[in-house]
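Subject: Structure for you, with notes

Hi,

I am handing over a structure for you to look at. Please open it first, then read the notes below.

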Amino acid sequence: MANLRKIHKRIKSVENTRQITKSMKMVAASKLRRTQSAFGAQGEFAGRCEKMLAEVCSGAQELEHPLLRPHKEKRTVCYVLILGNRGLCGAYNHTLLRYQEELAHSDGRDCFLVVCGRWGKDLLLGTGLSVERTVEISDTPTAAEAQQLAAGLREIYLSGKADEIRLVYQQYKSVLQQVPCSKQLLPISLEKGRGEGSRYLFEPDRDSLLEKLLQMYLDNTVYSVLLEARAGEHSARMTAMSAAADNTEELIEELTLELNHARQSAITTEISEIVGGAAALNDAR
Amino acid sequence: MKSVFRLSVVTAEETVFDEQVSYVNLPTPFGSVGILARHAPMLCAVEKGVLRCTLENGETARVLVGGGVASVADNECTVLVANGKISEE
């Protein structure tokens with residue numbers, strides 16, 4: 001009987017786990033949807049911004065801007081590592097962290113990190129990479145958060161603390177696939193001097209427009225990467241949770257089978273005891 | 001040919017305004033700039049302020065905008081701004 005009760009208890013707890021994993025999957029799915037629609041809206045903005053930048057750059061021989069100019073010596077790299085806010089999303093964070101370590105070792109230059117996301121503070125300490133600052137980014141990032149982060153990075157670059165700034169994140173291929181990658185943010189590389197000169201009037205002048213457009217371009221690049229990384233995190237969590245929910249179903253099936261076996265054998269024992277008792281009484285008569 | 005053109009105000013998060021208008025008044029660092037249909041192609045800096053425009057039916061709409069850049073070309077005016085909101089007043 002003790003065994004029966006134990007199995008019962010076990011089934012109850014697995015059922016609870018199934019409930020939790022299922023609801024976590026739903027939450028991740030709804031966050032994924034929100035992030036994806038924001039990513040779509042951002043794409044519209046990015047397209048128009050790039051078109052205007054191309055117009056400003058076309059026909060210009062010399063474009064001077066501190067954000068475009070590479071530093072003379074490239075000694076220090078700043079990696080912006082965009083991790084998830086939580087665990088329970090499969091190998092998403094671990095893969096990215098390992099990628100970051102390899103990147104830092106193979107590059108060989110001095111480097112420091114700006115970390116976005118709450119996950120894995122202790123694990124980061126263990127890697128020996130120096131973390132300059134940590135930035136909180138919500139589960140569905142807003143443009144304002146991205147602007148703040150971009151302003152910080154711009155500062156780091158212009159003050160000469162870093163000669164190159166790279167974004168390290170999980171590129172979103174599909175719900176089932178995210179690939180770690182790194183992308184240069186600063187200095188901004190633009191194709192210049194292309195085209196036969198613009199037919200546009202520039203008000204007030206080319207340089208101040210370039211300044212404004214680069215600012216928006218920078219903000220928006222950071223914003224789009226944040227959204228992409230978060231979309232990856234949510235879909236990784238969704239997949240992991242849906243696998244976990246499937247596993248609990250299997251486990252419940254197995255446990256139910258075991259429970260039935262135990263009950264059956266308990267009944268068999270009881271019957272044989274009764275039969276044995278009756279036979280003993282008959283013999284005694 | 002009617003003298004209207006398309007005005008869209010876009011932020012990174014959403015398209016705030018997208019309609020046919022006959023006149024736009026943009027806040028810029030060097031004062032306000034008025035734009036009518038078939039304006040010459042122009043890129044123009046936009047300051048924080050109120051963008052006013054006249055709709056096809058003659059009504060006036062106002063959009064609060066943050067700093068950004070406007071582009072006018074091919075009878076279309078696109079305003080990219082850091083933030084924007086349609087003013088109800």
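Here is what I found, starting with confidence and moving on to the interface.

This is a predicted model. The predictor gives the complex an ipTM of 0.87 and a pTM of 0.86.

Chain A has a mean pLDDT of 88, with 96% of its residues at 70 or more. Within chain A, helix H5 has the highest confidence, at 92. The lowest is in helix H3 (residues 121-127), at a mean of 82.

Chain B averages 90, and 97% of the residues score at least 70. Confidence in chain B is highest in strand E1 (residues 5-10), at 93. It is lowest in strand E9 (residues 84-87), at a mean of 88.

Now the interface. How many residues of chain A are in contact with chain B? There are 24, and they meet 21 residues of chain B. On the chain A side, the elements giving two or more residues are helix H1 (2-57), strand E6 (201-203) and helix H5 (206-284). H1(A) supplies the largest share, 10 residues. By class, this side of chain A has 15 nonpolar, six charged and three polar residues.

The two chains also pair through strands. E6(A) runs parallel to strand E4 (residues 42-46) of chain B, and the pairing has three bridges. In that pairing, A:Glu203 stands opposite B:Cys44 in E4(B).

Best wishes

Conventions
Residues numbered from 1 in each chain as written. Chains lettered and ligands numbered in written order. Predicted model: local features only at pLDDT ≥ 70, side-chain atom pairs only at ≥ 80, totals over all residues. Contact = placed C-beta atoms within 7 Å. Helix = DSSP H or I, 4+ residues; strand = E, 2+ residues; numbered from the N terminus. Nonpolar A, V, L, I, M, F, W, Y, C, P; charged D, E, K, R; others polar. Pairing = 2+ DSSP bridges. pLDDT = per-residue confidence, 0-100.
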